[in-house]
Amino acid sequence: MTAAEPAAAPRHTIDAFHRGRFWLVQPADGGHRAGMDAMMLAAAVPTGFAGLLADFGAGAGAAGLAVVSRCESAKATLVERSPEMAAFAEASLAHPANQHLSDRVTVLRADVTLTGKERGAAGLPDNRFDFIIMNPPFNAGEDRATPNALRREAHVMADGLFEAWVRSAAAVVKPRGGIAIIARPESLAAILEALAGRFGNADIVPVHPRADQPAIRIVVRGFLGARGKLALRPPLILHEATAKGLLPRADAISNGTATLFGD
């Protein structure tokens, strides 16, 4: 659903999420447009979460806003290095329909791959956050080539990306704090390697478009310093075999009334 607004530069849309409980100002032509990926990532955060969350690579802020929309006592920092996308996140917070959430959300323009003192100086000090969510650019360079630089930055993965992002998450999250990552299935090995020695009790939910089709996404969740074993959870199936609409559980996750891990 898109609400009309006077023309402005850059071109954008204003889109409803969680059945209108929050709205997102996002680019119409370039950059990353949020959808089901952001909602599934947000649904990895437990419903009772009441701490400070960081949304790494937040884009226009969909996943972080979805967390505070569902978790009434949560606060979020939307971390985005692209000035253009950070401006969209700031516009989302300024939208009148998000006034009920805006006092619990801030935008931080920072590069999550910074290390040490540079990372702290950028606004990401050690042991600050209770939970980190991330939707890194996970397409290989040869995948989905696009002439749009903003969209390419949001979608195309650099070498060592998961290691750099997870390393920063391990530094800025508090002991036993959580992490959730959404990516393509082929990134699983790199994600598990990055988590090793940092985040344990890892759970994986594969996401399938239909029950008879291969997974197109994985959501991985773990906790800093935990030592539990890796667990593969039942899959999330998005659609029936012959229908385009979301199945009830996927629809509930999309609209902020259910969680991905059942907590």
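Guide: One term to start: contact means heavy atoms within 4.5 Å. This is a predicted model, where local features need pLDDT of at least 70, side-chain atom pairs count only at pLDDT 80 or more, and totals for chains, interfaces and linings use all residues. Residues are numbered from 1 along each chain as its sequence is written, and side-chain values use heavy atoms, leaving out hydrogens and water.

Visitor: What does phenylalanine 49 touch, not counting residues up to four places away in sequence?
Guide: Val67, Cys71, Ser73, Ala74, Asp130 and Phe131.

Visitor: How many residues are in the largest nonpolar core?
Guide: It has 48. A nonpolar core is a set of buried Ala, Val, Leu, Ile, Met, Phe, Trp, Tyr and Cys residues joined through side-chain atoms within 4.5 Å. Buried means under 20% relative accessible area (1.4 Å probe, protein chains only). Phe49 and Leu53 are among those with the most contacts inside this core.

Visitor: Which helix gives the largest share?
Guide: Helix α2, residues 62–70, with six residues. Helices are DSSP runs of H or I, at least four residues, and strands are E runs of at least two, numbered from the N terminus.

Visitor: New topic. Where is aspartate 55?
Guide: In strand β3, residues 52–56.

Visitor: Is aspartate 55 buried or exposed?
Guide: Buried, yet without a salt bridge. That would be a side-chain nitrogen of Lys or Arg within 4 Å of a carboxyl oxygen of Asp or Glu. The nearest side chain of opposite charge, arginine 70, is 12 Å away.

Visitor: What does aspartate 55 touch?
Guide: Leaving out residues up to four places away in sequence, its contacts include Ala63, Thr77 and Ile133.

Technical notes:
Buried means under 20% relative accessible area, exposed over 50%, partly exposed in between (1.4 Å probe, protein chains only). Lys and Arg count as positive and Asp and Glu as negative; His and the chain ends are not counted.
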